[in-house]
Amino acid sequence: MVKSLPAKYISVRVTDTETLKRVGCPWSTRTLRQYHRDKRYPGLVYKVGGLLMLDVSELEKILGNSRKAPTGA
């Protein structure tokens, strides 16, 4: 379950692995860079002043939707 985060975690640097773990990101820095390059999740990873940033609210939406997906047929 994704915990609610303090307001200070609006976006996180992709290279800050400790904070990525703290916010519940299941992907590595390398994977996030590939997602940005391939435009896989628009809005999840974006560039600001040459730095790649992870949008924490978008991460919560993606993880929330994946956990709510129906199972079975």
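Mentor: Two strands are said to pair if DSSP finds at least two bridges between them, and in this predicted model that rule can be applied to strand S3, where the bridge partner of Ser 11 is Asp 55.

Trainee: How do you know that S1 and strand S3 pair, and in which direction do they run?

Mentor: Three bridges join S1 to strand S3, residues 51-55, and since at least two are needed, the two strands therefore count as paired; they run antiparallel.

Trainee: What makes S1 and S2 the edge strands?

Mentor: The three strands form an open sheet in the order S1-S3-S2, with antiparallel pairing, and strand S1 (11-13) and strand S2 (45-48) each pair on one side only. Neighbouring strands of this sheet are turned by 40° against each other on average, with direction ignored.

Trainee: Which helix packs on the sheet, and which strands are touched?

Mentor: Helix H2, residues 29-38, packs there and touches S2 and S3, while the direction of this helix makes about 85° with that of S2.

Trainee: Are Trp 27 and Tyr 35 buried or exposed, and which residues form the aromatic cluster?

Mentor: Both Trp 27 and Tyr 35 are buried, a term that requires under 20% relative accessible area, and together with Tyr 41 they form one aromatic cluster.

Technical notes:
Residues are numbered from 1 along each chain as its sequence is written. This is a predicted model: local features need pLDDT of at least 70, side-chain atom pairs count only at pLDDT 80 or more; totals for chains, interfaces and linings use all residues. Side-chain values use heavy atoms; hydrogens and water are left out. Buried means under 20% relative accessible area, exposed over 50%, partly exposed in between (1.4 Å probe, protein chains only). Rings of Phe, Tyr and Trp (its six-membered ring) pair if their centres lie within 6.5 Å; planes under 30 degrees apart count as stacked, over 60 as edge-to-face and the rest as tilted. Helices (H or I, at least four residues) and strands (E, at least two) are DSSP runs, numbered from the N terminus. Axes are lines fitted to C-alpha atoms, for helices over the stretch in contact, and angles run from 0 to 180 degrees between N-to-C directions. Contact means heavy atoms within 4.5 Å.
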